[in-house]
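Thanks for making the time this morning.

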Amino acid sequence: LLSCLSKLTAVSLSFIIVLLDYYFQRRPDIKSIAEKAVYFTISLGVGIFSLLALKKDDEVITSFKFSAMERAQLVSHSLINYILKSVIPYNLSVFHPYQFPPGFLPKFYLVFLILSMIAMAAFIWFFIKFRNRKIIFGILFFLSAVVFALQIFPVGDAAFADRNIYI
């Protein structure tokens, strides 16, 4: 509870606990479901409370109103940046503002969306073909840790922030 109150990304802990069960091949039973229910309930409550609190002040959410397609491109851009910067830390900054206003997103941002879709398809293929528990766990751990930093639901005017990839 205290971690969720101090930083919203702690909500991802619930998903990481489930991933740990997958990694250690722990079979789901009543006891394991019950112990995770507490974390999911806290995460859901904190998430709903945070969204409601942010919606009261619309400017806190974001001053940019991107279309759904532009939002998908920006999320893909952030994901690719998080992956690259976790391997090759370059041009790090606490705050990367949106470089383009809504409606003026360059066409090359479609490349990020296509790359993300290819990466997702490759992950699904890898999962089906090899079922390497360590690699699958690592990929899902990374994704569950950064999913709240991807600005799927935009909060603030940062396109992405490198401080969110330390996990």
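When I say contact, I mean heavy atoms within 4.5 Å of each other. With that in hand, residues 24 or more positions apart account for 79% of the contacts in the protein chain with a separation of 6 or more.

Before going further, a word on what we are looking at: this is a predicted model, in which local features need pLDDT of at least 70 and side-chain atom pairs count only at pLDDT 80 or more, while totals for chains, interfaces and linings use all residues. Residues are numbered from 1 along each chain as its sequence is written, and side-chain values use heavy atoms, with hydrogens and water left out.

The protein chain holds seven helices and two strands, where helices (H or I, at least four residues) and strands (E, at least two) are DSSP runs numbered from the N terminus. Read from the N terminus, the order of these elements is α-α-α-α-α-β-α-α-β. Of the 167 residues, 36% count as buried; buried here means under 20% relative accessible area, exposed means over 50%, and partly exposed lies in between, with a 1.4 Å probe and protein chains only. The chain exposes about 10,800 Å², and carbon and sulfur atoms supply 73% of that area, the areas coming from the Shrake-Rupley method with a 1.4 Å probe, and for residues only the protein chains shown count as cover.

Let me turn to helix H6. H6 has 21 residues and reaches 30 Å from its first C-alpha to its last, close to the 30 Å expected at 1.5 Å a residue; that expected span is 1.5 Å times one less than the number of residues. Which residues of H6 are buried? They are Tyr 109, Phe 112, Leu 113, Ser 116, Phe 123 and Phe 126. Seen down the axis of H6, these buried residues fall within an arc of 150 degrees, so they line one face of the helix, the arc being that of the directions from the helix axis to the C-beta atoms. As a reminder, an α-helix has 3.6 residues a turn, so residues three or four places apart point the same way. On the face of H6 turned away from the buried side we find the exposed residues Met 117, Ile 118, Ile 128 and Lys 129. The cover over the buried residues of H6 includes H5 and H7, and just after H6, Arg 131 takes a positive phi of about 50 degrees.

On the H5 side, Gln 73 sits in that helix and is buried at 8% relative accessibility. Leaving aside residues up to four places away in sequence, Gln 73 touches Leu 105, Pro 106, Tyr 109, Leu 110, Phe 112 and Leu 113. Phe 108, in the loop between strand S1 (96-97) and H6, is partly exposed at 47%; Phe 108 and Gln 73 are 35 residues apart in sequence and 9.5 Å apart in space, C-alpha to C-alpha.

Next comes helix H7, residues 133-146, whose 14 residues reach 20 Å from first C-alpha to last, close to the 20 Å expected. Its N-terminal end is capped by Asn 132, with a side-chain oxygen 3.1 Å from the backbone nitrogen of Lys 134. Within H7, Ile 136, Phe 137, Ser 144, Ala 145 and Val 146 are buried, and the buried residues of H7 pack against helix H2 (13-23), helix H5 (68-87) and helix H6 (109-129).

Finally, the charged pairs. How many salt bridges does a search of the whole structure find? There are four, a salt bridge being a side-chain nitrogen of Lys or Arg within 4 Å of a carboxyl oxygen of Asp or Glu. One of them joins the side chains of Asp 21 and Lys 36 at 2.4 Å, N to O. That pair links distant parts of the chain, with Asp 21 in helix H2 and Lys 36 in helix H3 (residues 30-56), 15 residues apart. Asp 21 is buried at 15% relative accessible area, and Lys 36 is also buried, at 8%. Arg 26 and Glu 35 meet in another, at 2.5 Å, N to O; Arg 26 is partly exposed at 34%, and Glu 35 is partly exposed at 33%. Lys 36 and Glu 35 also form a salt bridge, at 3.3 Å, N to O. Through shared partners, these salt bridges join Asp 21, Arg 26, Glu 35 and Lys 36 into one network.

Conventions: Polar contact = N/O pair within 3.5 Å; in protein donor to acceptor, adjacent residues only side chain to side chain.
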